[in-house]
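Here's a quick tour of a few spots worth a look. Have the model open and follow along.

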Amino acid sequence: MTISGLGPHGERAAPPERIALLADDIAAARMGRFRVAIVLHTIASDWAKQQIAGIMATFGDCETAVIEVVDCGFAPEAQVAALDRLRGEKPDAIISIPVANSAVANAHRRVSQAGIRLLLLDNVPTGLLPGSDYVALVSADNFGLGTIAAAFLAKRLADGAAVGVLSYHAEFFATNEREIAFNKWMLTNRPDIRLHVRKFDSIQTAGTDALALLERHDDIVGFFVVWDTPAMEVVKALERAGHHLQVTTVDLGREAAINLASDGMICGIAAQQPYLQGVAVAQTCVLALLGRQTPDWVALPGLAVSSDNVVESFQKVWRKQAPREVLVSAKLVKDPSAS
Amino acid sequence: MVADRLATLSEIGLIVESELGIASGGRAPRLVRFRTDLGCVLVATLDQSALGVGIADLSGRLFTEHHEAIDLGADAASTLQRILALFDWLIAKHAPDMPVWGMAVSVPGPVSEGDEKPFMEKTPSFLPAWEDFPFVETLVDRFGAPVWLRSSIETMTMGERFAGAGQTARNMLFIKVGKRIGAGLIFDGRLYRGAQGASGLIGQMPVQAGDRASTLDALAGSDMIAREGLAAAQSGKSPLLADTLRRGGDVGAIEVSQAAQSGDPASMEILGISGRMIGHSVAMLANMLNPDLIILSGTMAQTNDLLLAAVRETVYGESHPLVTRDLIIAKSQMSSSAGLVGAAMVVVESLFEPGCLKDWIVHGTPLAHPVFLALRTSCATKRASITAEQDRPAIAP
């Protein structure tokens with residue numbers, strides 16, 4: 001699958017094959033005995049856990065030690081404090097997801113200025129440049145994810161329908177790309193559709209924001225929410241208010257997968273591949289530590305997940321068995337409550 | 001006198017007092033600074049295959065940027081609609097309550113107008129397919145702010161000068177390698193545009209490769225790299241590119257460039273030829289201009305090190321020792337962001353150019369500049385002739 005988006009500075013994506021580790025690289029990395037720290041927005045989500053698993057597996061093969069995994073709890077000040085503290089630990093590299101834009105930009109810059117290799121996941125604060133401020137960005141093709149979600153929803157929309165777009169208020173490369181791509185796809189392929197955009201500040205308020213948008217535009221028949229956890233808040237809020245609308249989103253979280261499989265409001269999901277993203281960022285990190293040339297932006301394609309392929313997609317994305325509820329809905333196991 | 005002027009500026013709201021300065025005996029001075037949040041600047045970069053947009057404050061600092069693939073060969077109206085939609089999105093996200101003070105768009109070719117008057121009055125000729133298309137007029141009418149068009153090489157040079165490797169350079173040569181090869185020149189700290197805004201078209205310089213004589217564009221640009229790469233793939237001279245072709249992949253200049261970086265001998269040879277050809281031309285410029293810094297940019301330069309190495313080898317070998325004594329030759333790290341940052345700086349420099357500033361400063365906003373007010377009226381009239389399709393209200397992107 002091709003990458004449809006461009007990077008944060010207009011870069012063309014390098015495929016993950018470009019940063020594959022050769023036997024020589026792994027041998028050299030083992031000799032290097034590198035130390036790496038990881039700073040994530042959260043370590044509680046399935047997505048973060050899978051990324052960490054991919055990173056750990058790759059670093060394990062290369063005998064590269066992960067000295068700390070920091071959970072910033074989505075808080076810019078916590079991330080700044082963590083990065084400043086970790087600089088004192090002098091790791092060879094830090095892998096980070098910048099949780100904000102300008103608020104965390106200088107803290108990331110200071111990491112590189114201290115001679116520590118900085119690898120970014122999913123987001124680049126505006127103004128930071130590859131090569132001088134960080135080594136590379138590794139992310140999903142977020143533009144592609146937005147177009148997958150739009151195509152799913154479009155199939156369920158009558159001519160001239162109205163759609164609510166719930167975008168994330170914070171400045172974040174990944175969610176910006178998804179929103180722009182969704183809207184562009186609709187504008188290009190379904191110009192009859194009317195889009196109503198509202199920003200949400202946090203996962204907890206997404207449901208309230210959806211209802212507020214619906215109150216203002218009561219002809220809305222579907223929503224696009226830029227990732228799955230707020231999307232499920234939207235689904236729950238709509239259920240409580242007695243609505244049954246079509247919802248598409250990004251990321252195959254457990255709850256979203258169960259809802260999709262059981263013909264709930266979720267009508268399609270554009271899924272990232274967090275384990276493979278973890279592998280890709282660890283490989284890029286090792287190559288950078290060995291002094292090899294690395295691309296500015298490595299992107300992984302998204303998966304289009306419908307109720308027809310949710311079981312195998314779940315296994316592919318999460319590398320584990322799909323939830324029992326999904327298997328029951330797919331009629332792959334018996335429903336225990338039916339007997 | 002100074003206190004009076006500052007009091008006036010403060011009253012108009014253009015400056016604010018900031019922190020205390022360092023005392024040199026007596027009371028510490030109170031510093032004042034210009035308010036960079038009074039308005040915002042919208043910027044876009046247009047090239048053959050990509051559109052970039054951004055929004056900046058009045059210091060030229062970008063709040064955010066976005067890049068996406070486009071086909072500039074498509075009709076001008078659809079490209080304009082895309083820019084309008086993305087500008088609307090940027091305003092809604094970052095500056096819903098901030099007036100737009102100016103816009104700048106970089107375009108693939110030279111822009112011959114723009115220096116004579118404070119504001120651009122009509123769309124200059126920059127691409128055959130955009131001839132007579134009211135691009136500038138629509139933007140002025142839609143967002144109520146002045147527009148500047150510059151060539152992409154000019155905005156990228158400005159971006160590199162203000163936010164990239166050129167921040168400390170007084171004299172810089174910026175070389176962009178793509179389908180066309182162009183040069184931007186920072187001369188004594190300022191962008192040199194030439195008499196018609198067409199300086200730096202070095203791709204037109206005649207060069208010779210073996211028994212072939214043509215322009216630098218034709219013999220060293222990305223079309224040559226793609227063509228030679230495809231031939232190497234088809235003949236089997238490059239096993240790596242042949243494999244790409246066998247798997248149904250495209251072999252273009254980027255693939256050749258990446259293959260060269262991976263050590264593919266045939267691709268390395270192609271990049272080496274291109275780099276040495278460019279190096280010959282750059283060495284001539286370096287001997288004439290004696291720059292502090294030469295920056296190589298464009299996808300070809302940024303996806304591999306071989307082009308840079310070949311240019312360095314040639315320039316160092318063919319230049320006077322004094323010219324190369326402290327000369328730095330590096331590749332840009334800013335990618336397409338350079339064009340956006342540079343476009344923002346075009347707006348900021350133009351608005352605050354003393355000749356323009358004196359006519360609006362008492363009004364507190366350049367949007368009240370008498371010449372611009374007249375321009376808005378004429379743009380609105382011209383825009384009335386735009387098709388209904390172009391008049392459709394922009395939707396969030």
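B:K179 is partly exposed, because 19 other C-beta atoms lie within 10 Å, and a residue counts as buried at 20 or more. Keep in mind that this is a predicted model. B:K179 sits in the loop that links β8 (172-177) to β9 (181-187) of chain B. Setting aside neighbours within four places in sequence, the contacts of B:K179 are B:Q48, B:G221, B:S222 and B:D223. There's also B:G298: 119 residues away along the chain, yet its C-alpha atom is 9.5 Å from that of B:K179.

Staying in chain B, how do helices α7 and α8 cross? Their axes come within 10 Å, at an angle of roughly 135°, which means α7(B) is oblique to α8(B). The crossing is right-handed. Here's who makes the contact:

| Helix | Residues in the contact |
|---|---|
| α7(B) | B:L240, B:L241, B:T244 |
| α8(B) | B:E255, B:V256, B:A259 |

By type, that contact has four nonpolar residues, one polar and one charged.

Now over to chain A, where six strands build an open sheet with parallel pairing, ordered β2-β1-β3-β4-β5-β11. The edges are β2 (65-71) and β11 (297-300) of chain A; each has a single partner strand, so one side of each lacks a neighbour in the sheet. From one strand to the next, the twist averages 15°. Inside the sheet, β3 (residues 93-96) and β4 (residues 117-121) of chain A run parallel and are joined by four bridges, with A:A93 partnered by A:R117 of β4(A). Helix α2 (residues 46-61) of chain A packs on this sheet, touching β1 (35-40), β2 and β3, and its direction makes about 175° with that of β1(A).

Definitions and conventions. Residues are numbered from 1 along each chain as its sequence is written. Chains are lettered from A and ligands numbered from 1 in the order in which they are written. This is a predicted model: local features need pLDDT of at least 70, side-chain atom pairs count only at pLDDT 80 or more; totals for chains, interfaces and linings use all residues. Axes are lines fitted to C-alpha atoms, for helices over the stretch in contact, and angles run from 0 to 180 degrees between N-to-C directions. Helices (H or I, at least four residues) and strands (E, at least two) are DSSP runs, numbered from the N terminus. Angles under 35 degrees count as roughly parallel, over 145 as roughly antiparallel, 65 to 115 as roughly perpendicular and the rest as oblique. A crossing is left-handed if the near helix is turned anticlockwise from the far one by less than a right angle, and right-handed if clockwise. Two residues are in contact if their C-beta atoms, placed from the backbone, lie within 7 Å. Ala, Val, Leu, Ile, Met, Phe, Trp, Tyr, Cys and Pro count as nonpolar, Asp, Glu, Lys and Arg as charged, and the others, Gly among them, as polar. A residue is buried if 20 or more other C-beta atoms lie within 10 Å of its own, exposed if 12 or fewer, and partly exposed in between; C-beta atoms are placed from the backbone. Two strands pair if DSSP finds at least two bridges between them.
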